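Here are a few friendly notes to read alongside the model. Please keep the structure open as you go through them.

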Amino acid sequence: MAAALQSRLAELGERMALRIRASVDPYDDESLVPLDSLCRSCAANADLVLTHLSRRGVPDTGSARETGRVRAEQGVPLADTLHAYRIGSELLWTEILLEARKRPEVSDDLLVSESAGVWALFGRYAEAVAAAYRERAAELTSHVRARRSALAQALFTGVVTDRTLWEAARELGLPEHGPYAVAVAEGGAAGGEPPEGERGERGARDALLQARLPFVREALAGQHVALIALPGAAAEDTCLRILRRTGARVGLSPCFPSLRDTPQALRFARRALSVLEGTGPGVVRFDDDPLAMVVSAAAPEAAHLVEVVLRPVLGLPTAERSRLLRTLEHWFAAAGSAAGAARSLFVHPNTVRYRLRRVEELTGRSLSDPRATADIRAALLAVRPSGAGSGGPHGPSAPTAASPASGEG
């Protein structure tokens with residue numbers, strides 16, 4: 001019977017292919033699974049079964065594994081692949097029964113006794129299809145991830161051409177044109193690993209997908225780095241809300257229009273993260289205080305600026321120095337309003353004005369002169385500590401504008 005069926009293997013493979021096409025949607029797509037290829041695959045798998053039935057021995061799973069590998073490469077879902085294999089097996093069993101009816105020497109009892117072995121063989125081949133499919137799918141996934149990672153790193157490091165920019169955008173699922181932003185988070189949230197769920201990295205990823213903000217992320221130098229597309233006017237605000245819910249320390253670059261500018265945006269985001277105060281979670285944008293970012297990026301120059309502008313103030317006894325620097329911080333935070341600074345310091349406005357005059361006398365710079373005010377503001381930023389428990393160039397006594405105000409007499 002096996003020999004008889006093998007003699008018309010091509011016709012049998014074509015019938016299997018047409019039945020599969022009529023029953024399993026992905027196989028009806030000629031661009032996905034060409035009919036000629038499907039016919040050859042069906043004939044090869046049928047031949048595999050028939051050869052084993054005629055020769056016995058250890059089953060050869062070669063054609064079954066090849067089917068699994070090819071379907072994985074074509075992107076046919078595994079469930080549909082196994083459904084198609086089952087349809088082919090059923091048709092082959094039907095042909096075996098029809099061939100048996102032509103032969104009086106083949107009794108029903110013999111068919112019944114052989115059927116269990118035949119279906120066990122079908123099952124074994126189906127397992128081979130599934131195993132090869134999963135192996136190849138894992139290889140392809142690993143390859144895709146490696147290529148995506150390489151493209152992402154090329155964007156972040158600037159090792160990319162204009163042509164590759166377009167290819168990178170397409171393969172990474174990013175729009176070809178901005179605006180974009182780069183976010184940089186420390187390797188773990190305050191106190192340990194990034195939390196999971198709503199406030200963790202997984203929550204941020206899911207939230208960005210839900211908000212339809214395309215992104216690509218990569219681990220670089222112990223940091224989590226993400227390039228995020230921001231289509232629409234409200235996209236940046238949405239992105240900020242998502243990042244704040246992560247419970248991590250995050251720096252965010254300014255928006256930029258071209259992927260070519262990604263390396264510079266990464267530097268801006270890292271600079272923003274470097275000036276985030278304290279050790280707890282938070283999000284700081286480069287554009288929130290560009291002057292602070294510039295000062296932090298030029299440490300030697302900033303230290304010299306402190307000496308030139310604030311040296312007389314820093315030479316005062318600790319208590320008076322602290323009062324004057326803290327008053328300056330609050331005055332700048334209040335946009336130059338003595339009354340506003342007084343409210344946050346819990347002192348009288350005249351006290352603020354007296355201290356500001358004292359700064360003017362010591363520094364020889366008038367706070368009504370825009371250039372002098374800019375010098376003092378930049379020097380004050382250089383004095384400000386970059387994190388809890390650390391000091392600027394002159395120790396930890398200088399407060400931050402974001403620190404809680406304490407009452408003073």
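1. Arginine 217 has alanine 226, in strand β3, as its bridge partner. Strands here are DSSP runs of E with at least two residues, helices are runs of H or I with at least four, and both are numbered from the N terminus. The bridge belongs to an antiparallel pairing of β2 (residues 215-220) with β3 (residues 223-229), which has six bridges; two strands count as paired if DSSP finds at least two bridges between them.

2. Do look at the turn as well. Two residues lie between the strands of this hairpin, and alanine 221 takes a positive phi near 50 degrees.

3. This is a predicted model, with local features needing pLDDT of at least 70, side-chain atom pairs counting only at pLDDT 80 or more, and totals for chains, interfaces and linings using all residues. Residues are numbered from 1 along each chain as its sequence is written, and side-chain values use heavy atoms, without hydrogens or water.

4. The average pLDDT (the predictor's confidence in each residue, from 0 to 100) is 81 for the chain, and 88% of the residues score at least 70. Over residues 188-199 the pLDDT is below 50, yet this stretch has 23 contacts beyond near neighbours in sequence; a contact means heavy atoms within 4.5 Å. Residues 386-409 also stay under 50, with 54 contacts beyond four places in sequence.

5. Among helices, α2 (residues 9-23) has the highest confidence, at a mean of 92, while α11 (residues 290-297) has the lowest, at 73. Buried residues (under 20% relative accessible area, 1.4 Å probe, protein chains only) of α2 include Leu9, Leu12 and Met16. Their cover includes α1, α3 and α5.

Key: Buried < 20%, exposed > 50% of the residue type's maximum accessible area, 1.4 Å probe, protein only.
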